[in-house]
Amino acid sequence: MRKGKFSVPDRLKSFNYAFNGIRWLLIHEHNSRIHLFAVAAVCLAGYFLKINTVEWLLIALCSGMVISAELFNTVAEQIADFISPGKHQQIKIIKDLAAAGVLVTAITAFIVGSVIFIPKIWELIN
């Protein structure tokens, strides 16, 4: 841990590092772009279907969870590849577990989205 006084420029630099991480994710990880497209589609659907404040909060929470899970999965993959570039059973298990975390959050987001959007779409149809 660094010792020293609080510095606004240093805190602003930390935001820059975080945005660099998001940029790297979107450039290098195909699935992150799929998730980002899904978030954009859900936001458009939310706008057109006039979802309420609580529904927006749930959509925001689920979207953040999925993108965060994708970031953590990418971290696990990058560390694992750095430590063991070759094939290794334990590394495979680590990567599979990290990918499962993304899948679980994506399924959860899908369920929440279905609960929010299916009744609204059904109402439009009828």
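Is E55 buried or exposed? Select E55 and check: its relative accessibility is 14%, so E55 counts as buried. Keep in mind throughout that this is a predicted model.

**Stop 1: around E55**

Stay on E55 and show the helix that holds it. That helix is α3. Now display what E55 touches. Setting aside residues up to four places away in sequence, E55 meets I116 and K120. The cut-off for buried is under 20% relative accessible area, and E55 at 14% therefore falls on the buried side.

**Stop 2: helix α2, end to end**

Select residues 30-48. This is helix α2. Take the distance between its end C-alpha atoms: they are 28 Å apart. The 19 residues of α2, at 1.5 Å a residue, should span 27 Å, so the two values agree.

Next, colour the buried residues of α2. They are S32, H35 and G46. Turn the view until you look down the axis of α2. The buried residues fall within an arc of 60°, so they line one face of the helix. The general rule behind such patterns is simple: an α-helix has 3.6 residues a turn, so residues three or four places apart point the same way.

Go back to the buried side and bring up its cover. That cover includes α1 (8-28), α3 (53-83) and α4 (89-125).

**Stop 3: H35**

Select H35, which sits in helix α2. With a relative accessible area of 15%, H35 is buried. Which residues is H35 in contact with, leaving aside its neighbours within four places in sequence? Show V66, I67, E70 and V102: these are its contacts.

**Stop 4: α2 against α3**

Show α2 and α3 together. Two packed helices are described by the angle between their axes and the distance between the axes. For α2 and α3, the axes come within 10 Å and cross at roughly 175°. The two helices are therefore roughly antiparallel to each other. Angles over 145 degrees count as roughly antiparallel.

Select the contact from both sides. From α2 come N31, S32, H35, L36, V39, V42, C43, G46 and Y47. From α3 come W56, I59, S63, V66, I67 and E70. By type, the residues of this contact divide into nine nonpolar, five polar and one charged.

**Stop 5**

Move to K50. This residue is in the loop between α2 and α3. K50 has a relative accessibility of 67%, so it counts as exposed. Check the backbone: K50 takes a positive phi of about 55°, although it is not a glycine.

**Stop 6: α1 against α2**

Show α1 with α2. What is the angle at which α1 and α2 pack? It is about 100°, with the axes 5 Å apart. That makes α1 roughly perpendicular to α2. Select L25, L26, I27 and H28 of α1, then H30, S32, R33 and L36 of α2: these residues make the contact. They divide into four nonpolar, three polar and one charged.

**Stop 7: distances across the model**

Select N16 in helix α1. N16 has a relative accessible area of 42% and is partly exposed. Draw a line from its C-alpha atom to that of K50. The pair is 34 residues apart along the chain, and the atoms are separated by 34 Å.

Next, select G64 in helix α3. At 32% relative accessibility, G64 counts as partly exposed.

Finish on I107 in helix α4. I107 counts as partly exposed, at 45% relative accessibility. Where is C62 in relation to I107? The two lie 45 residues apart along the chain, and their C-alpha atoms are separated by 9.9 Å.

Technical notes:
Residues numbered from 1 in each chain as written. Predicted model: local features only at pLDDT ≥ 70, side-chain atom pairs only at ≥ 80, totals over all residues. Heavy atoms only, no water. Helix = DSSP H or I, 4+ residues; strand = E, 2+ residues; numbered from the N terminus. Buried < 20%, exposed > 50% of the residue type's maximum accessible area, 1.4 Å probe, protein only. Contact = heavy atoms within 4.5 Å. Expected span 1.5 Å × (residues − 1). Arc of directions from axis to C-beta. Axes fitted to C-alpha atoms, helices over the stretch in contact; angles between N-to-C directions. Parallel < 35°, antiparallel > 145°, perpendicular 65-115°, else oblique. Nonpolar A, V, L, I, M, F, W, Y, C, P; charged D, E, K, R; others polar.
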